[in-house]
Amino acid sequence: MRKAKPKKRQILPDPVFGDVRVAKFVNHLMYDGKKNTAFDIFYTALDNVKSKLPNEEMTALEIWKKALENVTPQVEVKSRRVGGATFQVPTEIRPDRKESISMKNLILYARKRGGKTMADKLAAEIVDAFNEQGGAFKRKEDMHKMAEANRAFAHFRF
């Protein structure tokens with residue numbers, strides 16, 4: 001490699017919970033630099049989650065963290081050319097990439113949902129992920145099935 005690796009940027013924790021993961025999630029959620037709007041959407045979604053699961057003894061933030069954990073994939077498949085043939089090779093995912101993929105999937109499937117506001121859609125997706133269902137959870141399951149099906153090509157790992 002000719003150029004030096006760029007430095008990792010320091011992400012400041014969010015103002016309400018003081019959590020860096022929340023700030024990262026809001027950064028993924030944000031459009032056009034509208035961070036205040038993204039924070040409003042996220043905090044409203046957490047309030048909606050708490051109202052949807054009133055008998056749960058966990059806080060809304062803990063429910064969100066558990067939902068993220070439920071949609072976090074452990075393995076993914078990468079295309080690898082070996083002698084003219086392309087194989088789907090299952091590989092482990094780095095921890096920072098795991099976190100990023102889970103956040104992006106949760107937001108992507110929340111956006112695809114039907115609902116009135118983004119906060120409502122995000123809250124519904126968080127509740128579904130917490131209960132191990134919904135689009136983001138299905139995506140994780142599909143990634144794992146794909147990796148399991150291509151386990152025979154694991155020796156091509158790079």
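Biologist: Which element gives the most to the lining of the largest pocket?

Modeller: This is a predicted model, and in it α4 gives the most to that lining, with seven residues. As a general idea, rolling a probe the size of a water molecule over the atoms shows where empty space is left. Here the largest pocket holds about 450 Å³ of space, and its lining is made up of 16 residues, with K8, I11, K24, D96 and S100 lying nearest the centre. The elements that give two or more residues to this lining are α1 (20-29) and α4 (95-112).

Biologist: How do the residues of that lining divide into nonpolar, polar and charged?

Modeller: Eight of the lining residues are charged, while four are polar and four are nonpolar.

Biologist: Staying with α4, at what angle does this helix cross α6, and how should I read that angle?

Modeller: The axes of α4 and α6 (residues 135-149) come within 8 Å and cross at roughly 130°. Because an angle over 145 degrees would be needed for roughly antiparallel and 65 to 115 for roughly perpendicular, α4 is oblique to α6. The crossing of these two helices is right-handed, and the contact is made by N105, L106, L108 and Y109 on the α4 side and by G135, A136 and R139 on the α6 side. By class, this contact has four nonpolar residues, two polar and one charged.

Biologist: Which residues of α2 and α5 meet, and how do the axes of those helices cross?

Modeller: The axes of α2 (residues 35-52) and α5 (residues 118-130) come within 8 Å and cross at roughly 50°, so these two helices are likewise oblique to each other, and their crossing is right-handed. From α2, the residues I41, F42, T44, A45, N48, V49 and K52 meet M118, A119, D120, L122, A123, A124, I126 and V127 of α5. The residues of this contact divide into 11 nonpolar, two polar and two charged.

Biologist: Where do these helices fall in the pattern of the whole chain, and how many helices and strands are there?

Modeller: The protein chain has six helices and two strands, which follow one another along the sequence as α-α-α-β-β-α-α-α. Taken along the principal axes, the C-alpha atoms of the chain fill a box of roughly 55 × 40 × 25 Å.

Methods. Residues are numbered from 1 along each chain as its sequence is written. This is a predicted model: local features need pLDDT of at least 70, side-chain atom pairs count only at pLDDT 80 or more; totals for chains, interfaces and linings use all residues. Side-chain values use heavy atoms; hydrogens and water are left out. On a 1 Å grid over the protein atoms alone, a cavity is a set of points where a 1.4 Å probe fits but cannot get out, and a pocket is an open set with protein on both sides within 12 Å along at least five of seven lines; lining residues have an atom within 4 Å of a point. Grid points are joined across faces, edges and corners, and a volume is the space filled by probe spheres set on the points. Helices (H or I, at least four residues) and strands (E, at least two) are DSSP runs, numbered from the N terminus. Ala, Val, Leu, Ile, Met, Phe, Trp, Tyr, Cys and Pro count as nonpolar, Asp, Glu, Lys and Arg as charged, and the others, Gly among them, as polar. Axes are lines fitted to C-alpha atoms, for helices over the stretch in contact, and angles run from 0 to 180 degrees between N-to-C directions. Angles under 35 degrees count as roughly parallel, over 145 as roughly antiparallel, 65 to 115 as roughly perpendicular and the rest as oblique. A crossing is left-handed if the near helix is turned anticlockwise from the far one by less than a right angle, and right-handed if clockwise. Contact means heavy atoms within 4.5 Å.
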